[in-house]
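Dear colleague,

Please find below the structure that I am handing over to you.

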Amino acid sequence: MKTFFIIIHSLISAGLIYMVIQQMGKFAELGGAFGSGSLYTMFGRKKGLDTSGKITLGLAIAFMVSSIVTAFFIAR
C-alpha cells in the first residue's frame, strides 16, 4: 500500500513540475518578471485561468492531498 501511494505521489509531482516549467516559458520576458502578463493579449491580461492554469491548480491541490495521505500511510 505504501508503494502505491509513493508511486502516485511521484507521478503527481512530475506532472506538476512539467506544468510549472511549461508555464514559465510564457512569461519569460522582462514584462512577465514584473507581473504584466500581457504577452498574448491586445488589451492586457485576461481574467481567470486558462486551461494549463487550471491543470496546474488541480495538480497542486492533488499534490497537497497526496502529501498528507502518503505521510499518513508511511507513518503507520
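**Aromatic pairs**

In this predicted model, the count of aromatic pairs comes to 3. One of them joins Phe5 and Phe73: the ring centres are 4.6 Å apart and the planes stand at 10°, so the pair is stacked, the cut-off for stacking being under 30 degrees. Phe5 belongs to helix 1 and Phe73 to helix 3, so this pair ties together parts of the chain that are 68 residues apart in sequence.

The two partners fall into separate burial classes. Phe5 has a relative accessible area of 17% and is therefore buried, the limit being under 20%. Phe73, at 21% relative accessibility, counts as partly exposed. Phe73 also pairs with Phe72, and here the geometry is edge-to-face, with 5.5 Å from centre to centre and 80° between the planes. Taken together, ring pairs link Phe4, Phe5, Phe72 and Phe73 into a cluster.

**Helix 1 and its cover**

The buried residues in helix 1 are Phe5, His9, Ile12, Ser13, Leu16 and Met19. As background to that spacing, an α-helix has 3.6 residues a turn, so residues three or four places apart point the same way. What covers the buried residues of helix 1 includes helix 3, residues 51-75.

Which residues does Leu16 touch, not counting those up to four places away in sequence? They are Thr56, Leu59, Ala60 and Phe63. Leu16 lies in helix 1, and its relative accessible area of 17% means that Leu16 is buried. Between Leu16 and Phe63 the C-alpha to C-alpha distance is 8.0 Å, although the two residues are 47 apart in sequence.

**The chain as a whole**

The secondary structure consists of 3 helices and 0 strands, and the order of elements from the N terminus is α-α-α. The chain has 76 residues, of which 17% count as buried. Among contacts with a separation of 6 or more, 75% are accounted for by residues 24 or more positions apart. The accessible surface of the chain comes to about 6,000 Å², and carbon and sulfur atoms hold 73% of that area.

With kind regards

Notes: Residues numbered from 1 in each chain as written. Predicted model: local features only at pLDDT ≥ 70, side-chain atom pairs only at ≥ 80, totals over all residues. Heavy atoms only, no water. Buried < 20%, exposed > 50% of the residue type's maximum accessible area, 1.4 Å probe, protein only. Helix = DSSP H or I, 4+ residues; strand = E, 2+ residues; numbered from the N terminus. Contact = heavy atoms within 4.5 Å. Phe/Tyr/Trp six-rings, centres within 6.5 Å; stacked < 30°, edge-to-face > 60°. Areas by Shrake-Rupley, 256 points an atom, 1.4 Å probe, with all protein chains shown as cover.
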